[in-house]
Amino acid sequence: MRAYGEVLQAPGVARIMAAQLVARFPQGMYSLGLLLHVERTFDSYAAAGLVLAALSIGQGVAGPLTTRWMSRFGTRPVLLVTLTVAAASILAIALLPLGLLAMTAVGAVAGLAMPPITPAVRTLYPTMVTQRLLTRLFSLDATLQEIIWVVGPVAITFVSTQIGTVEGLLVAAAVQLLGGLWFVLSPEVGRMRIPPSAKRIGGVLRKVPVVLVVVTGMLLIGGFAASEAAVVSVFGHDGFEAGMVIAANAFGSLVGGLALGGLTIHRRSLALRIAASAAGFGLACILLDFWWLALMFFVAGIGIAPALSAMSSIVAATVRFSDTPEAYGWIGSGQLIGAAVGSAAAGILIDWQGPIGGFAVAFVLAAAAALVAWVLRHRQPDLTQGIGEPPETAPVELPR
């Protein structure tokens, strides 16, 4: 905690971190909120998986594009436009009497316009602290973001089950607008200038460590999305327990991040951290009891924040500053595509085999992520001495 305190003492870091957490808070609300709303509207988990897949695929397609636009049109204008369109699309799903195809199309628009808060803030971080503190900052960011997954699912489940699914989506959209404006209007965001990349779009994927992080992130988050759908199917769309179990996963991630955040990252770290998540999802299949599922989701969560922190550090140590927004955009796209595949596959297997089918999908995807990270461990940078300060990753000077 003393190490994290040093990071938070850097000028502006605590405020920016708080603002971006609120701006990203709907990430812990939209998927479950849409799942509940669409399942209740059409009485089908497959339909809910279809809309969630459209949202995630839209985000996945837009990720690399909107991050490149930040260097071309400016960070603040891009964030403001995407924020407005995304919130309006969610409001349309909540308030308009849409059929399944129309709702799927609007979900895709919401995904395409989802503001790239995460790539923006992770590009901003290297300009706010020294390289010596950057790994700690990424670790703290990955850990604190679990607050989103602790509070968000509980909040959206409570509002959706006790008041209504429409009201749940309205609350999520309002949080996105308020938090997004707080972050976007921060002076650090207004001052950030990202130099244009010299590569064509997709050029950053020629780096094996970036591809490794994209693939492992896609599989890991796909596993979590599948487990989320499985939990909802266990307790039903009126069951408050689903949000509590998902929150237990996030709490485990929070604990894991705080406990492991100070450890050095070696080439085996990513595989071992993901393996903890795979074990938890696999053991969840044994017993569909609330307390057992909460415990296993806590175990699964222990590796998530440390794994995401390792992914961010690998990118920061590998990619030029001008290419980092696109790299984080591809990582986000991979994770969202994984969520789409995981949700859709789990929805189909849940309708066919029940909740066990969803948990099986979660285990297979997470285990595959751990296997890929282990097989390609020698292609990862050695970060046992920290990220260091190679010229190719040094931040640009910001105008005062």
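Colleague: What is the mean pLDDT of the protein, and what share of its residues reach 70 or more?

Modeller: This is a predicted model, and pLDDT is the predictor's confidence in each residue, from 0 to 100. The mean pLDDT of the protein is 82, and the share of its residues that reach 70 or more is 91%. Over residues 389-400, however, the pLDDT is below 50, although in the model this stretch has 27 contacts beyond near neighbours in sequence. Where pLDDT is low, the predicted coordinates should not be read in detail.

Colleague: At roughly what angle do the axes of helix α2 and helix α8 cross?

Modeller: Helix α2 covers residues 13-24 and helix α8 covers residues 131-144, and their axes come within 11 Å. The crossing of α2 and α8 is right-handed, and the angle is roughly 35 degrees.

Colleague: Which residues of α8 make the contact with α2?

Modeller: By class, the contact of α2 with α8 has six nonpolar, one polar and two charged residues. On the α2 side the contact is made by Val13, Met17, Gln20, Leu21 and Arg24, and on the α8 side by Leu137, Leu140, Asp141 and Leu144.

Colleague: Is Asp141 buried or exposed?

Modeller: Asp141 is found in helix α8, and, leaving aside its neighbours within four places in sequence, Asp141 is in contact with Met17, Gln20, Arg24, Arg122 and Tyr125. A polar contact of 2.9 Å joins the side chains of Asp141 and Tyr125. Because the relative accessible area of Asp141 is 0% and the cut-off for this class is under 20%, Asp141 counts as buried.

Colleague: How many residues apart in sequence are Ile148 and Phe25?

Modeller: Ile148 lies in helix α9, residues 146-162, and is buried, with a relative accessible area of 2%. Not counting residues up to four places away in sequence, Ile148 touches Leu21, Arg24, Phe25, Gln27, Gly28 and Pro153. From C-alpha to C-alpha, Ile148 and Phe25 are 5.2 Å apart in space, while in sequence they are apart by 123 residues.

Colleague: With the side chain of which residue does the side chain of Gln176 make a polar contact?

Modeller: Gln176 lies in helix α10, residues 165-184, and is buried, with a relative accessible area of 3%. Gln176 touches Pro26, Tyr30, Leu83, Ala86, Ala87, Met114 and Pro115, not counting residues up to four places away in sequence. The polar contact spans 2.9 Å, and the partner of the Gln176 side chain is the side chain of Tyr30.

Colleague: The backbone oxygen of which residue does the side chain of Ser89 reach?

Modeller: Ser89 is placed in helix α5, residues 75-95, and at 7% relative accessibility Ser89 counts as buried. Leaving aside its neighbours within four places in sequence, Ser89 is in contact with Val106, Val109 and Ala110. At 2.9 Å, the side chain of Ser89 reaches the backbone oxygen of Val85.

Colleague: At about what angle do helix α16 and helix α17 pack?

Modeller: Helix α16 runs over residues 304-318 and helix α17 over residues 324-353, with their axes 10 Å apart. The contact is made by Leu308, Met311, Ser312, Val315 and Ala316 of α16 and by Ala327, Tyr328, Ile331 and Gln335 of α17, which divide into seven nonpolar, two polar and no charged residues. The crossing of α16 and α17 is right-handed, and the packing angle is about 150 degrees.

Key:
Residues numbered from 1 in each chain as written. Predicted model: local features only at pLDDT ≥ 70, side-chain atom pairs only at ≥ 80, totals over all residues. Heavy atoms only, no water. Helix = DSSP H or I, 4+ residues; strand = E, 2+ residues; numbered from the N terminus. Buried < 20%, exposed > 50% of the residue type's maximum accessible area, 1.4 Å probe, protein only. Polar contact = N/O pair within 3.5 Å; in protein donor to acceptor, adjacent residues only side chain to side chain. Contact = heavy atoms within 4.5 Å. Axes fitted to C-alpha atoms, helices over the stretch in contact; angles between N-to-C directions. Left-handed = near helix turned anticlockwise from the far one by under 90°. Nonpolar A, V, L, I, M, F, W, Y, C, P; charged D, E, K, R; others polar.
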